Amino acid sequence: MALFLVTANRLSDGLVVFLDPSGGWTTALAGARVIAPDELAAALAHGKAQHDARIVVEPYEIETTVEAGVPVPVRLRERIRAAGPTVPYGEAEFEARVAAQSGTP
Amino acid sequence: MYRYDEFDQDFVAARVAQFRDQVERRVSGALTEDQFKPLRLMNGVYLQLHAYMLRIAIPYGTLDARQMRMLAHIARTYDRGYGHFTTRQNIQFNWPALSQIPDILAELASVEMHAIQTSGNCIRNVTADHFAGVAADEVADPRPYAEILRQWSSLHPEFVFLPRKFKVAVTGAERDRAAIQVHDIGLHLKKDENGRPGFAVYVGGGQGRTPMIAKKIRDFLPEEDLLSYCEAVLRVYNLSGRRDNKYKARIKILVHETGEEEIRRQVEEEWERIRRGALKLPQGEVERIRAYFDLPPSVRPREDGAAALAAARAADPEFDAWVRQNTVPHRVAGHVAATVSLKPIGGTPGDATAAQMDAVADLAERYGHDELRVSHEQNLVLPHVAEADLKAVYDELVSAGLATANAGLITDIIACPGLDYCALANARSIPIAQRLSDRFGDAARQREIGELKIKISGCINACGHHHVGHIGILGVEKKGEEFYQITLGGSGAEDASIGEIVGRGFSTEEIVDAVETVVDTYLAQRTGPDESFLAAYRRLGQAPFKEALYGAA
């Protein structure tokens, strides 16, 4: 059976959020509500209402699996969107490179 | 450098106030997302894969230390401590909160910067040769004309809702470092037989899903007619460009479908109608703008650096390699223009931390006559450095992690943000660039390979310019997996060409080996070190590369 998450961006700061079991939104994938197909329409309707209430922007559903109790989006795009860039950035990137070049862990 | 006058300052301040009101109305519910989206885009605000993204204009890639420090301040205060310099000489911040963007724009306005027309279907930031005003092969500095075009195109009421975005690039040199032939309008500043300045006008170039080399529709346009002629081009496009299909809406499609001769006829007809009107450039106004771009008076011929520079180069081979690779002659004796590479081995192309931006600003102030450039190849440039100061500049760049000696070499890779940041992307670009950089990072090997431009895009929109890469890499998604298609033989320079697809794509695991196979084939078959990759490819054709990659047919 296919499983789903409802995701959007938070209006105020744009960060990726997922619908949680209480009807709120979480930035943590682990806290997302995993939605069965027969519950999806109602979850999306709630998302649309939250869009209209200016909490989130453009909610949509994504397909997911669940591994060790944690949702794992099926598409690579959505996995990256949930977890952030796959490469370090900013100072962390700079420090990682310096460490790699100097041979320190 | 150009300085805002009272009109400019009021205009930008008014725009900040207007956008602040629009954000407040969006948050209060007075504006829906559908209503707000085109307004935020007009101010450079996208909603990307992870967050909002703010694209800030750096007109023709020129800025001063104060402006660079402001970018560092914004990175540190409102974002996550870094920014990304783009292939259109702009900078993008990847994590700003919508509620803080009006404050960011107000801070930018305080140093004569903005984000207007960095998105949307309008005339975008005008780009120019990053060695403008410096290069030995230059007829004249193209930036005064880029500035005139900026003033003409900013909120031009007729061209705010074009069929699609519109990009203009200007070069003043024979060697095209501004990629003018893959722009909607490309302008090549030259002089006629009487020494009068004017332009060869190219129209209808572009990349994206339908790459096209621009057509030269006029060999010489007198300087005074610059705006009327561009207005005529824009009018023809605005009237006849397609609005029913965004993938066929760029002027390149109109030029292709209408034909070069007919487009030329239509533009010339419209131009003839308007050329004697209000857009004729007064000579005094051209001179007034040009004066802003005069070399700083403190850049005077110097003879005091050559001996010290030679000694320093002899004593430090890495410095010697950096001077050889990252500096070019300046038209004023005793000076060079120095490329500050944003392509550290294994790093993210075009990214700079706030600390690095501050470091470069310090160098510009202390040794660079307060001027900086951003190149469309995603590097920074200190355009006026005395030879006598070069070692001190280099030492500070080493401390800041900015002294990679790879300008124009195989690790000087252009890459779009790709699927790590971009909502449109199908595949990641940055990790491929990093792995290629690591694979070819050895300094001696890079020098042996010589000039070789790798350009990587994470989708067919081609923001990473893969179509004009000597080796282009296009990321695609196939059955949920990332694959990478190789094109060969592209060029964005004066010998512009669109790269040819060499064959089936390669998996993430295979792509770096595949590029190495291409490079090894080149090294084995070139006539000698003086034959560049592009020259060898044009002589040999695709066959040996194809055979090396896929085996004999």
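## Overall size of chain B

For a chain of 553 residues, a compact globule would have a radius of gyration near 24 Å, and chain B comes in at 23 Å, which agrees. That radius is taken over C-alpha atoms, and the globule rule is 2.2 Å times the number of residues to the power 0.38. Along its principal axes, the C-alpha trace of chain B spans about 60 × 60 × 60 Å.

Keep in mind that this is a predicted model, where local features need pLDDT of at least 70, side-chain atom pairs count only at pLDDT 80 or more, and totals for chains, interfaces and linings use all residues. Residues are numbered from 1 along each chain as its sequence is written, chains are lettered from A and ligands numbered from 1 in the order in which they are written, and side-chain values use heavy atoms, with hydrogens and water left out.

In chain B, 63% of the 553 residues count as buried, meaning under 20% relative accessible area with a 1.4 Å probe, protein chains only. The chain exposes about 20,100 Å², and carbon and sulfur atoms supply 51% of that (areas by the Shrake-Rupley method with a 1.4 Å probe).

Take the contacts (heavy atoms within 4.5 Å) between residues at least 6 apart in sequence: 68% of them join residues at least 24 apart.

S7(B) pairs in the parallel sense with S6(B), residues 127-128, over 2 bridges; strands pair if DSSP finds at least two bridges between them. Ala128(B) has Val170(B) as its bridge partner. S7(B) also runs parallel to S8(B), residues 185-191, joined by 4 bridges, with His188(B) as the partner of Thr171(B).

## An antiparallel sheet

Elsewhere to look at is an open sheet of 5 strands, in the order S1-S2-S5-S4-S13 of chain B, with antiparallel pairing. Its edge strands, S1 (45-47) and S13 (351-353) of chain B, each pair on one side only. Within the sheet, S4(B) (82-85) and S5(B) (91-93) share 2 bridges, and Phe85(B) stands opposite Ile91(B).

Helix H12 (residues 354-367) of chain B lies across S4, S5 and S13, at about 85° to S13(B). Such angles run from 0 to 180 degrees between N-to-C directions, using axes fitted to C-alpha atoms, for helices over the stretch in contact.

Technical notes
Buried < 20%, exposed > 50% of the residue type's maximum accessible area, 1.4 Å probe, protein only.
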